[in-house]
Amino acid sequence: MNTELTYSTEPADKEKFTQANDRMYSFFAGVYDFVVKVLPVWKNWLNHALPHIQGPKVLEVSFGTGYLLTQYAGKFDTHGIDYNEKFVTMATEKLQQEGISAALQKADIEDLPFDDETFDCIVNTMAFTGYPDGQKAMAEIHRVLKPGG
């Protein structure tokens, strides 16, 4: 039995990879949102992140349709980025319905639109497989995270 860890390689055409993921998530956005709402295992998994979120300034990267944001955003100065415009719209509407304020925007994880050392905490759940360059994504997360964050 081979017990070596193997990792997938980065896509040859990163732009094509990103565009394909973006189209897929746009197509399945409604189903994605429904699954998060109705499957207790999904909510339970996401809710495990809650005790680890500390402020005062929090960034959620790749927030999807915003379920996790609705659980904590009202407690912190919360910002969020997602590459998918449909997800940004859905999450914004969801937060507005709940009366929760957060600064959400469409942005690329590999080029975060924030200054160095901006956030006390960065939240990312189940998203790294959708990034064409995981090392660049992680470097950007580290860049905008405060020391000790």
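**Reading the model**

Reply: Start at E117, which lies in the loop between β3 and β4. Helices and strands here are DSSP runs, numbered from the N terminus (helices: H or I, at least four residues; strands: E, at least two). This is a predicted model, so local features need pLDDT of at least 70, side-chain atom pairs need 80 or more, and totals for chains, interfaces and linings use all residues. Residues are numbered from 1 along each chain as its sequence is written, and side-chain values use heavy atoms, leaving out hydrogens and water.

Me: Which residues does the cis peptide bond join?

Reply: G55 and P56, with omega at about 20 degrees. P56 belongs to the loop between α2 (40-47) and β1.

Me: Now the sheet. In what order do the strands run?

Reply: The general idea is that strands of a sheet pair through backbone hydrogen bonds, either parallel or antiparallel. Here 4 strands form an open sheet, ordered β3-β2-β1-β4, with parallel pairing. Pairing requires at least two DSSP bridges between two strands. On average, neighbouring strands are turned by 20 degrees against each other, direction ignored. Axes are lines fitted to C-alpha atoms, for helices over the stretch in contact, and angles run from 0 to 180 degrees between N-to-C directions.

Me: How many bridges join β1 to β4?

Reply: 3, between parallel strands; β1 covers residues 57-61. As one example, V58 has C121 in β4 as its bridge partner.

Me: Which strands does helix α4 lie across?

Reply: β2 (77-82) and β3. Helix α4 spans residues 85-98 and runs at about 165 degrees to β3.

Me: What does T70 touch?

Reply: Contact means heavy atoms within 4.5 Å. T70 touches K94, L95, E98 and I100, leaving aside residues up to four places away in sequence. T70 lies in helix α3 and is buried at 17%.

Me: On to charges. How many salt bridges does the count come to?

Reply: Side chains of opposite charge can pair when their charged atoms come close. A salt bridge puts a side-chain nitrogen of Lys or Arg within 4 Å of a carboxyl oxygen of Asp or Glu. By this rule there are 5. Take K14 and D133: their closest N and O atoms are 3.0 Å apart. K14 is in helix α1 (residues 14-38) and D133 in the loop between β4 (121-123) and α5 (134-144), so the pair ties together parts 119 residues apart in sequence. K14 is partly exposed at 30%, while D133 is buried at 12%.

Me: Where do the partners D120 and K146 sit?

Reply: Their side chains form a salt bridge at 3.3 Å, N to O. D120 is in the loop between β3 (103-106) and β4, and K146 in the segment after α5, 26 residues apart. D120 is buried at 19%; K146 is partly exposed at 30%.

Me: Which residues are joined into one network?

Reply: Look at E140 and R143, whose side chains meet at 2.8 Å, N to O. They are 3 residues apart in helix α5, about one helical turn. E140 is buried at 11%, and R143 is partly exposed at 23%. Salt bridges with shared partners join D116, E140 and R143 into one network.

Me: Last one. Which residues form the nonpolar surface patch?

Reply: M24, F27, F28 and V31, with about 430 Å² of accessible area together. Areas use the Shrake-Rupley method with a 1.4 Å probe; for residues, only the protein chains shown count as cover. F28 is in helix α1 and is partly exposed at 41%.

Terms used
Buried < 20%, exposed > 50% of the residue type's maximum accessible area, 1.4 Å probe, protein only. Patch = residues over 30% accessible without salt bridge, like charges linked within 9 Å, V, L, I, M, F, W, Y side chains within 5 Å.
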